[in-house]
Amino acid sequence: SAPLTVYSGWPSSSTQVVSVSPNPSLFGQLPQALVRVTAGSGIAAGRITLRQSGVILAKGDLDASASVRLSLPSLPVGSWPVTAEYAGSPKVQASVSAPFTLVVNPALVFLSAASGQKTIAPDSLATVYGTNLSPVSITAPSLPLPTDLGGAQLSIPGATGEMLKAPLLFVSPGQVNFLVPAQAKLGSVIASLSSAGQTFSGESVIDSVAPAVFTADGSGSGAPIGVLVTSHSDGSQETHAAYECGSMGCQTVALDVAGSTDTNVLVLYATGIRNARLQDVTVQVDSVNASVLFSGPQGEFSGLDQMNVQLPSSLAGRGDVALQVNAGGKQANAVRVRFR
C-alpha cells in the first residue's frame, strides 16, 4: 500500500521568517516581518513572538493561513539577530525560526560643518547628511535664520527636555546646514528632520566644546581660511590671505613673519570653540606654541568663531607646517600653513 504516516503526540512545526522589509532599514523606520508556520499535520494556530537577544520586539497571532505580519520597533544603528518563536497550540508543537539579521543604517549623519568631525557643539555650525531630505535646494535668504526652510524642520533635544527647532542655513536633497541651538542637550541625542511629509531620525553627539577650523577647500584639511595681519612699527598694516584657490584646487600661501619689529597675527575662522575659556585655547604651529590673543564669536555670522593668533618670527623659513588648535582639551582638525 501507499505509506501511512502516523503521528505520535503533537504534530511538529517549522517557523520561518519569510521576509523583512525594508532590510536594511533606516534608523527610525519600522520594518515589517512576515512569519509563517508550517505544521506536520493540519494548520498551525497561536502566537508568534519576535525576540532580539531575549528582548521581546513584537507579538501577534497567526491568521487562517498560519501567517502573521508584525511591525518591528526602531532599533539602534547596527546589525541585530532576531528570531521568531511559535508558542505552539494543543494541536501543534512549538518551534523557533533560524535567526535573521536586521540591519539598521543611520538615516541622518551629523558632522561639524568645518571639519567633518562627528562631535558638534551648541551654537556651532553643523551639517546633516542623508537621502531625500528635501525636494528642493534653497538657502536662507536673510537673518535671522529660519527654522522652516523649504518645508524642512530640524528638531534637537534641549537641555531641559523640550525639542528645539534648529535655525537652518541651507537645505537640499542630500544635506542640511544648520546652527546647533545654544540650549541643545549635551551627550548622545536623537534628532529628527521633518520634510515633505517624511520624518528622519539620527544620532548626534553634542559636547560643550567641539573645535573645528574652516579650510579653503571645505575638506577639513589643508590650508585654513585665514588672514595674516602684519602691523609695522610705523603704525601701518598689511593683510595677506593664508590660502589661494584656483583650477588646481586650494593651496597654502607663503607668509612672511621675518620682520623683527613687526607684529604678525593670523586670524583663523572656526566653529565650536566659543564655549571654551580663552586660557583653555591653545595653538601649536610646527611644535611652537603661539599666543592666542582672542577666541570667540566672530560677531557677524551666526555660529562662526574667530581666533587671533600671534605668530613669532622664529617660524620664518620653516616652509609648509602643521597648525593644531586645542580648545577645552579637545583637538580640532589639523591644518597647514606655510612660511617663507
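β19 gives the most to the lining of the largest pocket, four residues in total. Strands here are DSSP runs of E with at least two residues, numbered from the N terminus. Before going further, note that this is a predicted model, in which local features need pLDDT of at least 70, side-chain atom pairs count only at pLDDT 80 or more, and totals for chains, interfaces and linings use all residues. Residues are numbered from 1 along each chain as its sequence is written, and side-chain values use heavy atoms, with hydrogens and water left out.

**The two pockets**

A pocket is an open set of points on a 1 Å grid over the protein atoms alone where a 1.4 Å probe fits, with protein on both sides within 12 Å along at least five of seven lines; lining residues have an atom within 4 Å of a point. Volume means the space filled by probe spheres set on those points, which are joined across faces, edges and corners.

So what does the largest pocket hold? About 310 Å³ of space. It has 14 lining residues, and the closest to its centre are Val77, Pro106, Leu108, Glu203 and Ser204. Besides β19 (198-206), β10 (109-112) also supplies at least two residues of this lining.

The second largest pocket comes in at about 180 Å³. Of its 16 lining residues, Thr230, Glu238, His240, Asp256 and Arg340 sit closest to the centre. β21 (226-231), β22 (237-241) and β25 (254-255) are the elements that give two or more residues to that lining, and the largest share, three residues, comes from β22.

**The five-stranded sheet**

β19 turns up again in an open sheet of five strands, ordered β11-β19-β18-β14-β15 with mixed pairing. β11 (119-120) and β15 (163-165) are at the edges with a single partner strand each, so one side of each has no neighbour in the sheet. Two strands count as paired if DSSP finds at least two bridges between them. Strands of a sheet pair through backbone hydrogen bonds, either parallel or antiparallel.

Gln153 stands opposite Ser194 in β18, and Pro157 has Met163 in β15 as its bridge partner. The β14-β15 hairpin has five residues between the strands, and Gly161 there takes a positive phi near 105 degrees.

**Pairings around β7, and the rest**

β7 (residues 78-86) pairs with β4 (residues 47-52), with β9 (residues 100-105) and with β8 (residues 95-96).

| Strand pair | Sense | Bridges |
|---|---|---|
| β4 and β7 | antiparallel | four bridges |
| β7 and β9 | antiparallel | five bridges |
| β7 and β8 | antiparallel | two bridges |
| β11 and β19 | parallel | two bridges |
| β14 and β18 | antiparallel | three bridges |
| β14 and β15 | antiparallel | three bridges |

To find these pairings in the structure, look for Thr49 opposite Glu85 in β7, Trp80 with its bridge partner Leu102 in β9, and Tyr86 with its bridge partner Ser95 in β8.
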